[in-house]
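My notes follow in the order in which I looked things up.

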Amino acid sequence: MQESMNMEKGVDRGQGRSYRGVLARVGPGRDTWRWLGQQLFNRENPAMYFDPLLESINPLWAQRYIPARVEAIEAETHDSKTLTLRPARRWGGFRAGQHLNLEVEKDGRWYSRPFSLSCSPSHWEQDGTITVTIKKVADGEVTPWLLEHFEPGDVIGISRAYGEDHTPEPGRPMLFITGGSGITPVLSQLEAMADRHLRNPVTLLYFVRTDADVIGGRKLEALAERLPNLELRIVAAEQDPQNPDHLGPHHLQAVEGLTERDCFLCGPPGLMKHAQNLLADAGVPEEQVSSTLFAVGPGVVVTEDAGGTVYFTRSGLSAESSGDRRLLEEAEAAGLNPRYGCRMGICHQCSCRKTSGIVINQQTGQPSGHGEETIQLCINVPQGAVELDL
Ligand SMILES: Cc1cc2nc3c(=O)[nH]c(=O)nc-3n(C[C@H](O)[C@H](O)[C@H](O)COP(=O)(O)OP(=O)(O)OC[C@H]3O[C@@H](n4cnc5c(N)ncnc54)[C@H](O)[C@@H]3O)c2cc1C
Ligand code: FES
């Protein structure tokens, strides 16, 4: 109840409205709701069952997601925009380099898509806002619609923040290598450094196709003013098609003290893999390199002996898997609605208890043990009969 009240106070801060009286009538505590939801509707919270009614009264009362009001929308490039959001107070905040899922209903179907926070945590702490910066995937289901559909004043759904905390440490020299929209968590990290007045030597190698594709250009300029030790190198790799300048050893050779640096990579899988190989060749220790992929990498392992019966023990359903669909998709095809976020093994929101049987991790090709353990539904396929607590 306290949470719901805070939610309204958070979103309506400064607008002078309060729904406290109405929300105070919501009775049982969060654990009770969760237990009931799982038992009755396979949902974290059965109040979600009443969402259509609640949303028709006030969109901020929805339970299936955390509501956030769109405060502003700013164009970054021809195909990307930054949304400033004011989440409900119960949202809980984030650390630099983390992500959230936007939860949107399009044509009667719910979609969940991961995006990184593109501002420093101080925005949330000081004025209750956050930003996400979204680049359109031309043939994408959600991003083209999302960038056209929302206007300031609308309410959008978000998940809690997840992913590794990449708050920069004081003193350590750093190298960021990013491509395209992979700049977004780096904007958060650099801004967090500026807020803390850190003076680490930092080089940012930011690869874009052309000068017109620079995302976060205004913010980077402002950060260069605030971070005297920031060396900003934006490479428009295809500006001159006759003479492209993609990431190569020459870019790394120009980074002073490269092998001493903590390296953070973010962007499309191809660029990340290439950067990892170049850094290894240049002698940067593996433990100094961390990466965030912005899409599923190639390396999905196909296993011949995959497949078997999947028993969803809590709901009493089952599915015959031929091994070509991951457990998340099997569950959805069986009519279940398990929780998920990125659908690519990053966020752990799809974690589920396997009570027996073997599953194969399709990203590594590694089989699990036979016994009880927590697995990620979105990256595993069964190998023989499997029982899931779902
Ligand atoms: C942890 C994480 C953080 C992310 N943060 C950001 C961010 O801050 N800003 C941002 O713009 N994007 C970010 N992304 C990528 C973003 O989630 C996807 O671009 C988005 O989900 C695509 O949704 P869609 O429905 O439009 O495309 P879909 O309908 O899901 O995909 C359509 C087609 O595009 C391909 N595709 C999907 N995503 C990409 C991609 N990124 N690049 C190239 N091809 C792709 C798919 O394989 C498919 O063929 C992040 C991804 C992850 C995993
Ligand atoms: S949905 Fe994110 S790890 Fe499975």
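**Ground rules.** I count two strands as paired if DSSP finds at least two bridges between them. Helices (H or I, at least four residues) and strands (E, at least two) are DSSP runs, numbered from the N terminus. This is a predicted model, where local features need pLDDT of at least 70, side-chain atom pairs count only at pLDDT 80 or more, and totals for chains, interfaces and linings use all residues. Residues are numbered from 1 along each chain as its sequence is written, while chains are lettered from A and ligands numbered from 1 in the order in which they are written.

**Entry 1, strand S1.** I started with S1 and strand S2 (residues 80-87), which pair in the antiparallel sense over 8 bridges. The hairpin from S1 to S2 goes through 2 residues. I found Ala75 opposite Lys81 in S2. Strand S1 (residues 66-77) also pairs in the antiparallel sense with strand S6 (residues 155-158), over 4 bridges. There, Arg69 stands opposite Val155 in S6.

I get 11 helices and 16 strands in the protein chain. Of its 390 residues, 38% count as buried. Buried means that 20 or more other C-beta atoms lie within 10 Å of the residue's own; exposed means 12 or fewer, partly exposed is in between, and C-beta atoms are placed from the backbone. For contacts I use C-beta atoms, placed from the backbone, within 7 Å. Among contacts between residues at least 6 apart in sequence, 67% join residues at least 24 apart.

Which residues come nearest to ligand 1? Of the 23 residues around it, they are Gly140, Glu141, Val142, Thr143 and Thr184. "Near" here is a C-beta atom, placed from the backbone, within 6 Å. Strand S4 (109-116) and strand S5 (130-135) are the elements giving two or more residues to this shell. S4 has the largest share, 4 residues. By class I list 11 nonpolar, 8 polar and 4 charged residues. Ala, Val, Leu, Ile, Met, Phe, Trp, Tyr, Cys and Pro count as nonpolar, Asp, Glu, Lys and Arg as charged, and the others, Gly among them, as polar.

A nonpolar core is a set of buried Ala, Val, Leu, Ile, Met, Phe, Trp, Tyr and Cys residues joined through C-beta atoms within 7 Å. The largest has 33 residues, and Phe176, Ile177, Val186, Leu190, Leu204, Cys263 and Leu265 touch the most other members. At least two residues each come from strand S7 (174-179), helix H7 (184-195), strand S8 (202-208), strand S10 (262-267) and helix H10 (269-281). S8 gives the most, 6 residues. Apart from this core lies another, of 21 residues, including Phe115 and Val132.

Is Pro168 buried or exposed? Pro168 is buried, because 20 other C-beta atoms lie within 10 Å. Pro168 sits in the loop between S6 and S7. Leaving out residues up to four places away in sequence, Pro168 touches Met174, Gln189, Ala192, Met193, Leu198 and Asn200. Asn200 is 32 residues away along the chain, yet the two C-alpha atoms are separated by 8.9 Å.

Last, I looked up a sheet of 5 strands in the order S13-S12-S16-S14-S15, with mixed pairing. Its edge strands are S13 (317-321) and S15 (373-376). Strand S12 (residues 308-312) and strand S16 (residues 380-388) run parallel, joined by 3 bridges. Tyr311 has Glu387 as its bridge partner in S16.

Definitions and conventions
Two residues are in contact if their C-beta atoms, placed from the backbone, lie within 7 Å.
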